[in-house]
Amino acid sequence: LTASGFAAQRNPAIDALGHHQLAAETAYSVAYPMLAMALHAGFDELHHSALKQLRVLRDHLSADDDLHLRYNLTHHEHTFSNWSRGVAWYAIGLVRTLKLLSPEQRPDDLLAEVDRVATWAARHQEADGTWPCFIKEHGILPDTSGTAGIAAAIALAVRHGMIAPHHRATAERAQAGLRPYLSSDGWLRGVAQSNKRETHDIDIQRMPYRVIGPWGMGMYAQLLAALN
């Protein structure tokens, strides 16, 4: 997208991208590339818009003990609450966007959100280091892609001085917990299926059905890189 393309898709009611719905993954797919473009080309307006995107997501998707994947701006409805892969997209997007800025340029309120998410995730981490597919539902299987993504965000945040060093232990526990899910040829098993309606949407996420998904391996690679 060009700068004008980003501007054309902005919802003026919220001053962010999202026509009828806000989605957590836009922290990674919108705010992150938007700020990268802004810094590379000197677009001050896009710089403001990228940080605004993160704040709008925070204000509409996060709460003290919940983090939602989506928020419908028309019906004011949250869906896929505490879905671990959604938490991962949100957290990685938040951290990677702030990583583009020098430490003194990173807004305090967004750094506070990084710390809040890391602390909240650690509170719900399973004994084996993974997170359930829906983070607070401890009776269902983990989603290894969500686990890897959340841990990668935490490890990156520690590495770049956004949160306290003690959070690294959370990411290390996750890495250890994911090792049994690696296949002999290097793929990450135990990934929750797509959350699209053609795959039975939310129902299949709570079933013991898991796949090998390339996005899981990508998140695991980010975790390894952040820890090493």
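Modeller: Here it is, and keep in mind that the model is predicted. His 124 has a relative accessibility of 11%, so it counts as buried, the cut-off being under 20%.

Biologist: Which helix does His 124 lie in?

Modeller: His 124 is part of helix H5.

Biologist: And what does His 124 touch, not counting residues up to four places away in sequence?

Modeller: Asp 65, Trp 131, Pro 132, Ile 135, Lys 136 and His 138.

Biologist: How many salt bridges does the count come to?

Modeller: Ten.

Biologist: What does Glu 137 form a salt bridge with?

Modeller: With Arg 206, and their closest N and O atoms are 2.8 Å apart. This pair also links distant parts of the chain, 69 residues apart. Glu 137 is in the loop between H5 and helix H6 (144-159). Arg 206 is in the loop between strands S7 (191-192) and S8 (210-211).

Biologist: How accessible are Glu 137 and Arg 206?

Modeller: Glu 137 is partly exposed, with a relative accessible area of 28%. Arg 206 is partly exposed too, at 38%.

Biologist: Now Glu 172 and Arg 168. How far apart are the closest N and O atoms there?

Modeller: They are 2.7 Å apart, and the two residues form a salt bridge. Glu 172 and Arg 168 are four residues apart in helix H7 (residues 168-178), so about one helical turn separates them. Glu 172 is partly exposed at 36%, and Arg 168 is partly exposed at 31%.

Biologist: Which residues are linked in a network of salt bridges?

Modeller: Arg 55, Arg 58, Asp 59 and Asp 109.

Biologist: Switching to helix packing. At what angle do H4 and H8 pack?

Modeller: Helix H4 (residues 84-99) and helix H8 (residues 214-227) pack at about 40°, with axes 13 Å apart. The two helices are therefore oblique to each other. H4 passes H8 in a left-handed crossing.

Biologist: Which residues make the contact?

Modeller: From H4, Arg 85, Ala 88, Trp 89, Ile 92 and Arg 96. From H8, Trp 215, Met 219 and Gln 222.

Biologist: What's the breakdown of that contact by class?

Modeller: Between H4 and H8 there are five nonpolar, one polar and two charged residues.

Biologist: Last topic, the whole chain. How many helices and strands?

Modeller: Eight helices and eight strands.

Biologist: And what percentage of the residues is buried?

Modeller: Of the 228 residues in the chain, 53% are buried.

Biologist: How much of the contacts comes from residues 24 or more positions apart?

Modeller: They account for 65% of the contacts in the chain with a separation of 6 or more.

Conventions: Residues numbered from 1 in each chain as written. Predicted model: local features only at pLDDT ≥ 70, side-chain atom pairs only at ≥ 80, totals over all residues. Heavy atoms only, no water. Axes fitted to C-alpha atoms, helices over the stretch in contact; angles between N-to-C directions. Parallel < 35°, antiparallel > 145°, perpendicular 65-115°, else oblique. Left-handed = near helix turned anticlockwise from the far one by under 90°. Contact = heavy atoms within 4.5 Å. Nonpolar A, V, L, I, M, F, W, Y, C, P; charged D, E, K, R; others polar. Salt bridge = Lys/Arg side-chain N within 4 Å of Asp/Glu carboxyl O. Buried < 20%, exposed > 50% of the residue type's maximum accessible area, 1.4 Å probe, protein only.
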